[in-house]
Amino acid sequence: MKKLGESFIIAFSMYSKIPMPRCDWREDNMSYAMCFWPLVGAVIGALWYIWGIVRMHVDMTQSFFAAILLLIPFLITGGIHLDGLLDTADAMSSWQTKERRLEILKDSHAGAFAVITCAVYFVLYFGICSQLNLTTIGVLAPGFLLSRALSAYAIVTFPKARKDGSVATFARGASTRKVQITMIFYILLAAVLMVLAKPVFGIAALSGAALVFAYYHHLAMKYFGGTTGDIAGWFLSVCELVMALVVAAVWIITGGMGA
């Protein structure tokens, strides 16, 4: 139980800004850390839903509601995954060799394409959040669990582009088979929750997530020779954006009839 508790602390310390007790990182207590990572997403999803309920009872503008909804994931995570999105945008825009792209991922400086990507990402995400309501939030809330479960599954399953870095470190310390089984459970749980919330919207969101996951594998293998922490951050950021975009689009197209 102590090992599991320490693995929980490591997962939340690494992937969230939620205060956690101090814990030494050792190979034995890192073996299950990734099993708890999707729970960070569960916290974000719960906060999204709570904020949706608040919107129902408090008089506020839709833009203010959307702004807070947009910021919740980044306040909880500290933007760790957004950093991967921007680094990957710079690397992909360079049109260089695999080796050079990997070097760009490690560069701490933000290039022009990273800045452009960041601006586009937040403007689009804000617009999407402006279209959401409690019904669609109820579908998307489990999506934060799903995106992390898919990302963790990929981290322990996909080839690694580098032998150093956070992904390689966690993958080496992880009990691969147990992490894969746990992630499959999370994926199925999130999928069931999303479909039960509203079948039409849930299926649409899951389809969006599946397409992004397939492209993630293609991008990582073709352009980098494997996955890295930055590319995993790219996937998570894009996956959550696309799920929300698809759900908002279905709501607009159907006039909410799927609800």
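A residue counts as buried at under 20% relative accessible area, as exposed at over 50%, and as partly exposed in between, using a 1.4 Å probe and protein chains only.

Welcome to a predicted model, in which local features need pLDDT of at least 70, side-chain atom pairs count only at pLDDT 80 or more, and totals for chains, interfaces and linings use all residues. Residues are numbered from 1 along each chain as its sequence is written, and side-chain values use heavy atoms, with hydrogens and water left out.

The protein chain has 14 helices and zero strands; helices are DSSP runs of H or I with at least four residues, strands are E runs with at least two, and numbering starts at the N terminus.

Two of these helices come up below:

| Helix | Residues |
|---|---|
| H6 | 80-93 |
| H14 | 229-254 |

Now to the interior. A nonpolar core is a set of buried Ala, Val, Leu, Ile, Met, Phe, Trp, Tyr and Cys residues joined through side-chain atoms within 4.5 Å. The largest one holds 74 residues, and Trp48, Tyr125 and Tyr216 touch the most other members. Helix H14 gives the most to this core, with 13 residues. Another core, of five residues, lies apart from it and includes Ile9 and Cys23.

Asp90 counts as buried because its relative accessibility is 13%. Its side chain reaches the backbone nitrogen of Ala114 at 3.1 Å.

How values were computed:
A polar contact is a pair of N or O atoms within 3.5 Å; within protein, one must be able to donate a hydrogen and the other to accept it, and residues adjacent in sequence count only if both atoms are side-chain atoms.
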